[in-house]
Amino acid sequence: MGFEVTSVLKQWRSLFALWVGRSVGRILRLIGRRGTSLPGFLATRLSPDLLFHLLSQLQTCIIVTGTNGKTTTNALLYSILSSSESPWITNKDGANLVQGLLAALLPHVTSGGKLQIQKAVLEVDEATLPRIVDHFHPTMIIVTNVVRDQLDRYGEVDHALAMLRRGISYPGIQLIVNADDPLAASLGIGRELTYFYGMDECPIDRQERNEVKDGAFCLLCGREIEYTRTIYGQFGHYACPSGDFIRPVPEYAGILEKGIPELTVVRRKSGVEAERFRVKAPVLGLYNYYNLLAAVTVAQILGVSPYKIENALTNYEAPLGRMQVYSGRTKRILALIKNPTGANSILRTIETDELVKIICFAINDGDADGRDVSWLWDIDIESFLDQANCTQYYCAGHRALDMALRLAYAGVERERIVVLDTLSDIVTVTDEGQAPVYILSTYTALYPLGIHLREATQ
Ligand SMILES: [Zn+2]
């Protein structure tokens, strides 16, 4: 009797939480707000089990996790999958904590608590993953990479690896993982139901660069990993000198050719080539080709044909801050930076633009950015300067001075560094220029910058 009363109460509580979440979401959308987290936050407070109750109704659930590239991989995958007949749910805006996941599901729930769509592709923060997977087992987990992120948020990469390892520990979950990242790959080596993807051929070899390599030491013997090819950051073709492990041969291998915005994908079966096809890349930058390869790999495993993948990707729209282009009087490109590896890969992409250019940094230190900005010192600005062809650097945000100091220390002449008072000044000072403007922004500066840039291009 007591048990029945508790379970009925629980059910009522879930339905009440559902009603509150849905109503708040609807009101927010009516007044033009995004509502990516608040409805979920309120509903979670009222009924902590609601998320798991809804997730358990999904027939197919794909989770995208890892340090960098989650939002883009998720958005690419969603644009491929949602072009099929049956609809998919996603959290496209990158709200990847419990409340963001719930906010993504709530609009698709009936007032009786039933999910109307049974397929979801969800970006999940790596610290949130174990919490979800302890209650609910997804169909597939994609791990994009494991690199050093905001240290004051999660601690070292070891901690991130431990959380991911727990997340993938349940049997029956398919794991799709980047073979070129020794840390991410270590999760899949020897594991059943695992598929690897990686770049077999890539026109860039960064052996000479001074970039941070987070996975540079073997997790088993502690010796430095040897690379026969470095692609960027810790990504490449590698082996432990003691023979503990070697880069797995990917089932889905990417081939890139210099100057051609296409990805060739080789599908292998038992190590032998089974199929080869090309996909036009709707994204900029080498790191985004990894995200594209991850999305194509998953789509192929789910049985989507190369023809359908290519067609679906023509409608792809980049999420906020993932190298979006704002074309007005001045061409401005907005990119999110949150750690040295991500920032380096964006600088490498900017280098490939041979035009004279302007670069702006918008650096905040809010909770979502990470309070500690010492990572700015690990960005490889020095080797960027030789290739940059940049006339002017602007710095804005709460930590504009830290960034200006970092640039000066790297050797940028003082007269070429300007510190701005507000984020909107970035738009004002670059409004009449001929040169393309690259804006590198931390998380909390991104949304206000997106608004200013949209206004300026209208
Ligand atoms: Zn070793």
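Two strands are taken to pair if DSSP finds at least two bridges between them. Helices (H or I, at least four residues) and strands (E, at least two) are DSSP runs, numbered from the N terminus. The structure is a predicted model, in which local features need pLDDT of at least 70 and side-chain atom pairs count only at pLDDT 80 or more, whereas totals for chains, interfaces and linings use all residues. Residues are numbered from 1 along each chain as its sequence is written.

The domain assignment, whose bounds come from an automatic or database source, divides the chain into domain 1 (2-313) and domain 2 (322-457). A distance of 27 Å separates the C-alpha centres of domain 1 and domain 2.

Six strands form an open sheet of mixed pairing, in the order β12-β13-β17-β14-β15-β16. Because β12 (322-327) and β16 (417-419) stand at the edges with a single partner strand each, one side of each has no neighbour in the sheet. From one strand to the next, the twist averages 20°, where axes are lines fitted to C-alpha atoms, for helices over the stretch in contact, and angles run from 0 to 180 degrees between N-to-C directions. Within this sheet, β14 (residues 357-362) and β17 (residues 437-441) pair in the parallel sense through five bridges; Ala362 has Ser441 of β17 as its bridge partner. Helix α16 (residues 443-457) packs on the sheet and touches β12, β13 (331-336), β14 and β17, contact being defined by C-beta atoms, placed from the backbone, that lie within 7 Å. The direction of α16 makes about 165° with that of β13.

How values were computed: Contact = placed C-beta atoms within 7 Å.
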